[in-house]
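The model is shown below.

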Amino acid sequence: MTIASDYQQDVASYWNAERNPVNLRLGDVSGIYHHHYGIGEVDRAAIEAAGDAGREEAVIAEMHRLENAQARLLLDHLGDLGPDDRVLDAGSGRGGSSIMANAAFGCRVDGVSISQAQVDFANGQATKRGVAGKVRFHLRNMLDTGFEAGDFQAVWNNESTMYVVLDDLFAAHSRLLARGGRYVTITGCYNDVYGLPSKAVSSINAHYVCDIHPRSGYFRAMAANRLVPVSVIDLTAATIPYWELRRTSSVATGIEEAFLEAYRDGSFQYLLIAADRV
């Protein structure tokens, strides 16, 4: 694998060392482990029914339900896939979205990450679920995967675009996608109307060692790399309940207030963008 810069090495080191309960405890609920946030209304009745003694576990289970809902929404936009199709999870984390994609479509899935710890964990999960023959994770740079051009019917990034230059990313994805293939991302981006990144957005960058892009940057870089948007959904309002719930949980990390402030003041947006390779 090629580490192209000191920054990429810092990112790899960050995720190799990461053992955050907000990622692990939620995954323990069903054995599907994600590295992203949630969408949808919180089921308050389910939490209240658990009572004081069971409230914390009910909150964890509800957060996991919301993050699974986010992954399903992304997968729903990948198009008509089947067992003969091959798809790429770029920045695959602990592998939850890849395992869900195989379960939904029967397709072959390759996940790539620059974190050896993530790759090992995800491959372990695929083996445990008996899908290692169709779901494989690789220690590779998503900007230079080494896969053959046109081999993939779909490619996605789930909250991983903020670690790379968008022009480089979409050039790489455009090469890998077959003509007519589908690209989908769910991502946080700062609002060009607001101006430069707000203080809250800068706090998120510092917390995750990332560089959040402006909303306009996605569409400019897609247009330059033969990716034509077919669907754009603003999920900002849909993700706020997740963050409000997470703020009250035992797995809160302290970054919750920055997310809520940025979403509410309009400086930060949470978008799904689906595009076809032309």
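Are helices α2 and α4 roughly parallel or roughly perpendicular to each other? In this predicted model, helix α2 (residues 21–28) packs against helix α4 (residues 51–76) at an angle of about 90 degrees, and the two axes are 9 Å apart. An angle of 65 to 115 degrees counts as roughly perpendicular, and α2 and α4 are therefore roughly perpendicular to each other. On the α2 side, the contact is made by Val22, Arg25, Leu26 and Gly27, and on the α4 side by Glu56, Glu57, Ile60, Met63, His64 and Glu67. By class, this contact of α2 with α4 comprises four nonpolar, two polar and four charged residues.

**The sheet**

Seven strands form an open sheet with mixed pairing, in the order β3-β2-β1-β4-β5-β7-β6. The edge positions are taken by β3 (135–139) and β6 (227–234); each has a single partner strand, so one side of each is left without a neighbour in the sheet. From one strand to the next, the twist averages 20 degrees.

| Strand | Paired strand | Sense | Bridges | A bridge pair |
|---|---|---|---|---|
| β1 (residues 86–90) | β2 (residues 108–113) | parallel | five bridges | Ala90 and Val112 |
| β5 (residues 177–190) | β7 (residues 268–277) | antiparallel | nine bridges | Val184 and Ala274 |

How many residues of strand β1 are buried? Five of the five residues of β1 are buried, so this strand is largely enclosed by the rest of the structure. Both faces of β1 are covered: Arg86, Leu88 and Ala90 are buried on one side, and Val87 and Asp89 are buried on the other.

**Gly181 in strand β5**

Gly181 lies in strand β5. With a relative accessibility of 0%, Gly181 counts as buried, because buried means under 20% relative accessible area. Apart from its neighbours within four places in sequence, Gly181 is in contact with Gln153, Ala275, Asp276 and Arg277. Gly181 is also 8.5 Å from Gly79, C-alpha to C-alpha, although 102 residues separate the two in sequence.

**Helix α11**

Which residues of helix α11 (residues 256–265) are buried? The buried residues of α11 are Glu256, Ala258, Phe259, Leu260, Ala262 and Tyr263. The elements covering these buried residues include α8 (199–208), α10 (236–247) and strand β7. Just after α11, Gly266 adopts a positive phi of about 85 degrees.

**Cysteines**

How many disulfides does the structure hold? The structure holds zero disulfides. A disulfide is a covalent bond between the sulfur atoms of two cysteines. For Cys189, the closest cysteine sulfur belongs to Cys210 and is 12 Å away, too far for a bond. From the side of Cys210, the closest cysteine sulfur is that of Cys189, again at 12 Å and too far for a bond. The cut-off for a disulfide is a pair of cysteine sulfur atoms within 2.5 Å. Cys189 counts as buried at 0% relative accessibility, and Cys210 is buried with a relative accessible area of 12%.

How values were computed: Residues are numbered from 1 along each chain as its sequence is written. This is a predicted model: local features need pLDDT of at least 70, side-chain atom pairs count only at pLDDT 80 or more; totals for chains, interfaces and linings use all residues. Side-chain values use heavy atoms; hydrogens and water are left out. Two strands pair if DSSP finds at least two bridges between them. Helices (H or I, at least four residues) and strands (E, at least two) are DSSP runs, numbered from the N terminus. Axes are lines fitted to C-alpha atoms, for helices over the stretch in contact, and angles run from 0 to 180 degrees between N-to-C directions. Buried means under 20% relative accessible area, exposed over 50%, partly exposed in between (1.4 Å probe, protein chains only). Contact means heavy atoms within 4.5 Å. Angles under 35 degrees count as roughly parallel, over 145 as roughly antiparallel, 65 to 115 as roughly perpendicular and the rest as oblique. Ala, Val, Leu, Ile, Met, Phe, Trp, Tyr, Cys and Pro count as nonpolar, Asp, Glu, Lys and Arg as charged, and the others, Gly among them, as polar.
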